[in-house]
Amino acid sequence: TSVKSRAGASSITHKPLPEISTLMEVPSTSTVMGPALEPAADEAVKAAERALPDQRGALHAPATHLAGSAQAGAGGQLDAFFRLDRRLDELLATAAQNPWLVRALAPLHAHCRRLWYRDHARLDLPLAAEWHAGLAVAVADRDGAAAVRALNGIINILEQLLDSSGP
């Protein structure tokens, strides 16, 4: 539907709302991950630079548990991985000390979490846990470059899941 202004000079076109089923679809990497990679890397670097001593200490707990998940393999570790992934996101958000960046990344985190859940049967859980642990350790060690490398490893896994799931 279109709405014309009183002067008739311009119009606003309203698109129909999407079906509920399309809201649960995981968008392609080009529409979500591409533009969001730079802010995600910024969050990792800022967290590494700005994390307070107690925040750096708090990052060691999920890193240790994630490393344990990587060594134990996928058996029975999936729920723990999901909890630790979310906890790591929370710790990074707090350490980055940038609420606007955190809000901007919230949709990316939600889409990634949906993808982890949707494709968990094809997920290389030990590798995903290893990259997440690496991210936590890098931020705790104040190593922004290593944090970005770990983040890239996580994104590569997500992209592989998307690439193998079809259109």
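## Cavities

The structure holds two cavities of 30 Å³ or more. A cavity here is a set of points, on a 1 Å grid over the protein atoms alone, where a 1.4 Å probe fits but cannot get out. Grid points are joined across faces, edges and corners, and a volume is the space filled by probe spheres set on the points. The largest cavity has a volume of about 240 Å³. Of the 18 residues lining this largest cavity, Asp85, Asp89, His109, Leu151 and Ile154 are the closest to its centre. Lining residues have an atom within 4 Å of a point.

This is a predicted model: local features need pLDDT of at least 70, side-chain atom pairs count only at pLDDT 80 or more, and totals for chains, interfaces and linings use all residues. Residues are numbered from 1 along each chain as its sequence is written, and side-chain values use heavy atoms, with hydrogens and water left out.

## Lining of the largest cavity

Helix H2 (33-50), H4, H5, helix H6 (125-140) and helix H7 (144-164) each contribute at least two lining residues. H5 gives the most, with five. Helices are DSSP runs (H or I, at least four residues), numbered from the N terminus.

By class, the lining has twelve nonpolar, two polar and four charged residues. Ala, Val, Leu, Ile, Met, Phe, Trp, Tyr, Cys and Pro count as nonpolar; Asp, Glu, Lys and Arg count as charged; the others, Gly among them, count as polar.

The model has seven salt bridges. Each is a side-chain nitrogen of Lys or Arg within 4 Å of a carboxyl oxygen of Asp or Glu. One of them joins Arg113 and Asp85, at 3.6 Å from N to O. This pair links distant parts of the chain: Arg113 sits in helix H5 (residues 99-118) and Asp85 in helix H4 (residues 78-96), 28 residues apart.

Arg113 and Asp85 are both buried (under 20% relative accessible area; exposed is over 50%, partly exposed in between; 1.4 Å probe, protein chains only). Salt bridges link Asp85, Asp89 and Arg113 in a network.

## Two further salt bridges

Arg86 pairs with Glu90, their closest N and O atoms being 4.0 Å apart. These two residues are four apart in helix H4, so about one helical turn separates them. Arg86 is partly exposed at 45%, and Glu90 is partly exposed at 39%.

Arg118 and Asp119 also form a salt bridge, at 3.0 Å from N to O. Arg118 is partly exposed, at 40%. Asp119 is buried, at 7%.

How values were computed
1 Å grid on protein atoms, 1.4 Å probe; cavity = no way out; pocket = protein on both sides within 12 Å on 5 of 7 lines; lining within 4 Å.
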